[in-house]
Amino acid sequence: MIAARTLFPGGVNSPVRAYRAVGGEPPVLVRGEGPHVWDDAGHRYIDYVGAFGPLVLGHAPAEVVAAITEAAEAGGPFGVTGPGEVRLAEIIASRMPSIERIRFVNSGTEAAMSALRVARAATGRDLIVKFEGGYHGHADSLLVEAGSGAMTLSIPGSAGVARSVAEQTLVATYNDLDSVDAVLRAHSGKIAAVIVEPIAANMGVVPPARGFLEGLRDLTASAGALLIFDEVITGFRVGPGGAQELFGVRPDLTVLGKIIGGGLPVGAYGGRAELMDLVAPAGPVYQAGTLSGHPLVMAAGVATLRALTPELYAGVERQAARLESGLRVEGASVARVGSLLTLFFRGQAPRNFREAKSSDTDAFARFFHKMLDSGVVLPPSQFEAWFVSAAHDASVIDATLEAASR
Ligand SMILES: *Cc1c(COP(=O)(O)O)cnc(C)c1O
C-alpha cells in the first residue's frame, strides 16, 4: 500500500509486517474467515499468521463476533470493574492454578514490564535475567538481545534504550541450565527474576529440553529469585492450562496476552495472591490503564476460552501433527508443540537462538514467496511461529502440503 509508506515508519505499525526478512510487498488483506484470508483483488489464501498468535479459532469465529457485538451494544467501558473482567479472570484462574490474582492490561509488552516491576518490589532486587532470542515485548529493559521483530531487523537491543536500563538485564542461553546457574552465581543476591518463554516461540519454535523448566524452577528458588513464565503465545495455545500445565512446572508469575483477548488488544499478569497484592491499590507497585479490562476485549476473551475445549485441542493437535509430518524433508527440520510450529531451513531443529540463527534464511524467503504465490500466507520470517487454528481442517492441511511439495 503506497499511502501506508508515507504515513507509517517503514509502512507499518509493527516491524515484522513490513516483510523485510523475506523481501517484497505484503499483500493487502481485507477479509478473513476461518482458516482463510482474502486480498483486495479477491484472491484467497490459507493463513498461518493467525494475527501472530491470537486467532486460535481462526478468523471471525461466530461466537466471538456475537460476543463482541453484544458487548459493544451494551456501552462502556464504565470506569468501574465489570462482570466481563470477573468472568475472564475466573476462567483463566481455573485453568492456570498458579494464577490466584490477575491484572488485565492492554498488551503483552505492558504485562511483561509490569510483572518485572512486581518481581523487583517483591525481592527488593534490581537485576533480571532473560534468554537470548526470547521476546517479551518492547519495554526498555527487555529490548536486550531480543528476538523476533528486533532480530529480523538485526538490531539486538534497540537505539533509544538507556545503557543504565539495559545493564539491569542479564542474558542467558535457552536450554542451557549451566548458563543460568552461572548468571545467578555471578550476581548472587541481586537477581529479582528470570523471565522465560516456556516454549520459545520468537526464534522459531524451540521446545524446552527435558528438565530445563524444572531446572529453572529449582535454580530460581534457591537463588531467591522469582520465575516468570511469559505465556503470551503458549497460554491456552498448547493446551487448556498452557505450557505450565503441559510441563508441570509452576511459575511465580505468569504473563499472558494474545489468545485471552480473542483477537483484540490485551495483556495480563498474575500469580500468587501475596505477590499480586503488591500491585496498587492493594500495594505499593503502581500500574494502571484507562482501557484495561475493556468490555469488548473481555467478551471476546471469554467467548474464545469457552470454545477451547479438550476436544478442540485434540482436533487441532491431529491436524498440526499431519502438517508437521508432511513438511519433513531432507535438509530441513520441523519443531512443533501442539498448534505451534516452525519449518527450519537447517538439518536439525535448533535448541537455542544461536542454532536457530544458523538457518538458511534465504531459502526460507524463497519458500515463503513460493507459498504465497500458491495461496498460503506464512509468517514472514524464519523466526516466527506458524499458527494452526481450529479452523484448519484436513482439506486445508492437504492443500498446504500440496503447495509445499510444489
Ligand atoms: C507477542 C509477545 C509479547 C508482546 O505482546 P504485545 O501484545 O505484542 O505487546 C510478549 N511476549 C511474547 C512471548 C510474545 O510472543
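User: How much area do domain 1 and domain 2 bury between them?
Analyst: In this predicted model, the chain is divided into domain 1, made of 2–56 + 309–405, and domain 2, which spans 63–307. The size of an interface is often given as the accessible area lost when the parts come together. For domain 1 and domain 2, 67% of the buried area is on carbon and sulfur atoms, and the total comes to about 2700 Å².

User: How many salt bridges and how many residue pairs in polar contact does the rule find across the interface of domain 1 and domain 2?
Analyst: Side chains of opposite charge can pair when their charged atoms come close. Across the interface of domain 1 and domain 2, however, the count of salt bridges is zero, whereas the residue pairs in polar contact, both at pLDDT 80 or more, number nine.

User: Which residue has a polar side-chain atom 3.2 Å from an oxygen atom of the ligand?
Analyst: The residues around the ligand include Ser-107, Gly-108, Tyr-135, Glu-197, Asn-202 and Lys-258. Gly-108 places a polar backbone atom 2.8 Å from an oxygen atom of the ligand, and a backbone N or O atom of Tyr-135 lies 3.3 Å from a ligand nitrogen atom. The residue whose polar side-chain atom lies 3.2 Å from an oxygen atom of the ligand is Asn-202.

User: How many residues apart are Arg-101 and Asp-277?
Analyst: The structure holds eleven salt bridges, and in one of them the side chains of Arg-101 and Asp-277 meet at 2.7 Å, N to O. Arg-101 belongs to strand β4 (residues 101–105), while Asp-277 sits in the loop between α10 (273–276) and α11 (295–307), and the pair thus links distant parts of the chain, with a separation of 176 residues.

User: Which loop holds Pro-281?
Analyst: The peptide bond from Gly-76 to Pro-77 is cis, with omega near 5°, and Pro-77 lies in the loop between α2 (62–73) and α3 (83–95). A cis peptide bond also joins Ala-280 and Pro-281, where omega is about 5°. Pro-281 is found in the loop between α10 and α11.

User: What is the phi value of Phe-52?
Analyst: Phe-52 lies in the loop between β3 (44–47) and α2. Its phi is positive in a residue other than glycine, with a value near 65°.

Notes:
Residues are numbered from 1 along each chain as its sequence is written. This is a predicted model: local features need pLDDT of at least 70, side-chain atom pairs count only at pLDDT 80 or more; totals for chains, interfaces and linings use all residues. Side-chain values use heavy atoms; hydrogens and water are left out. Domain bounds come from an automatic or database domain assignment. Buried area is the accessible area (1.4 Å probe) that two parts lose on being put together, summed over both. A salt bridge is a side-chain nitrogen of Lys or Arg within 4 Å of a carboxyl oxygen of Asp or Glu. A polar contact is a pair of N or O atoms within 3.5 Å; within protein, one must be able to donate a hydrogen and the other to accept it, and residues adjacent in sequence count only if both atoms are side-chain atoms. A residue is near a molecule or strand if one of its heavy atoms lies within 4 Å of it. Helices (H or I, at least four residues) and strands (E, at least two) are DSSP runs, numbered from the N terminus.
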